[in-house]
Protein chains: 2
Amino acid sequence: MLSLNLRDSRPIYEQVRDGLRRLIITGAIPPGDKLPSVRTLAGQLAINPNTIQRAYEALEREGYAYSVPGKGSFAALPQDVTDKRRVELLRQLDTIVQELLYLGMAWEEIAARCAAFGKEESK
Amino acid sequence: MLSLNLRDSRPIYEQVRDGLRRLIITGAIPPGDKLPSVRTLAGQLAINPNTIQRAYEALEREGYAYSVPGKGSFAALPQDVTDKRRVELLRQLDTIVQELLYLGMAWEEIAARCAAFGKEESK
DNA sequence: TGACTGTACTAAGACATATAATACAATGAG
DNA sequence: CTCATTGTATTATATGTCTTAGTACAGTCA
């Protein structure tokens with residue numbers, strides 16, 4: 001389900017956060033479905049529950065999940081994702097596109113890559 | 001020339017690296033031109049020379065700069081930028097586009113944003 | 001020669017990360 | 001109600017990274 005690279009320089013809680021976000025985005029965890037409990041996921045990944053909690057807090061700040069004490073944590077609806085996340089993604093997109101252009105890649109080629117994802121989505 | 005946010009969680013050497021990379025990409029520092037010396041830039045930014053050196057090492061690994069002992073550090077030519085950087089950027093691009101699509105943004109809109117940069121470039 | 005350059009190394013402190021060990025309130029099945 | 005599970009909070013500790021400080025050495029060039 002999730003994989004970790006303990007050698008990676010990135011903090012574990014970021015890897016968990018990005019991994020879960022990806023599972024939600026790809027639909028592997030449908031909106032409204034329950035995420036693994038803090039203790040369960042910590043056991044599966046063989047890490048501390050506090051680290052999982054930190055990843056869940058981050059996902060909740062972004063709007064990708066919400067937690068209910070006594071019940072569990074759940075995947076949120078796309079509509080509930082905060083606008084700050086959208087703005088941040090666009091900012092990152094601009095930076096990457098600008099550097100790719102500097103490296104000699106044509107903007108048509110970059111746009112085509114985005115289009116390919118769009119058509120993939122509608123299958 | 002460069003600005004730092006000491007409150008930011010990001011390490012200073014990463015801010016310096018990204019800032020210089022941006023100056024090179026945008027053409028503010030043309031290929032072949034000399035970058036500020038380790039000690040000079042450290043003095044201007046009021047930080048330690050070791051921190052600047054670390055940023056320069058990173059830029060050299062990416063291919064955006066090269067250093068010559070006794071002479072200085074210089075902006076590299078785009079041709080010398082490693083292919084690994086290109087692949088890494090495309091990987092990041094895919095991840096961001098996929099998340100933007102999940103958030104409901106149309107791929108035409110994303111492609112148009114890339115096109116806007118492309119036309120900006122040709123002015 | 002002397003002033004500059006990049007580079008290397010050690011030591012110390014500040015800070016983030018991760019673990020460990022508890023504790024508490026809310027939930028829901030029995 | 002009882003009890004296991006849930007999220008959440010707290011404190012303490014160990015480790016690694018980041019940054020500064022200080023020093024040193026070799027190459028470049030006026």
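Predicted model: local features only at pLDDT ≥ 70, side-chain atom pairs only at ≥ 80, totals over all residues.
Local features need pLDDT of at least 70 and side-chain atom pairs count only at pLDDT 80 or more, while totals for chains, interfaces and linings use all residues. Residues are numbered from 1 along each chain as its sequence is written, with chains lettered from A and ligands numbered from 1 in the order in which they are written.

Chain A divides into domain 1 (12-80) and domain 2 (83-121), with bounds from an automatic or database domain assignment. Their C-alpha centres lie 27 Å apart.

Turning to the contact between the chains, 25 residues come from chain A and 25 residues from chain B, where contact means C-beta atoms, placed from the backbone, within 7 Å. On the side of chain A that touches chain B, the elements giving two or more residues are helix 4 (83-102) and helix 5 (107-121); helices are DSSP runs (H or I, at least four residues) numbered from the N terminus. Helix 4 of chain A provides the largest share, 11 residues.

Helix 4 of chain A also pairs with helix 4 (residues 83-102) of chain B, their axes coming within 10 Å and crossing at roughly 150°. Here, axes are lines fitted to C-alpha atoms over the stretch in contact, and angles run from 0 to 180 degrees between N-to-C directions. Residues meeting there include A:Leu89, A:Leu93 and A:Ile96 from chain A and B:Leu89, B:Leu93 and B:Ile96 from chain B.

Terms used: Contact = placed C-beta atoms within 7 Å.
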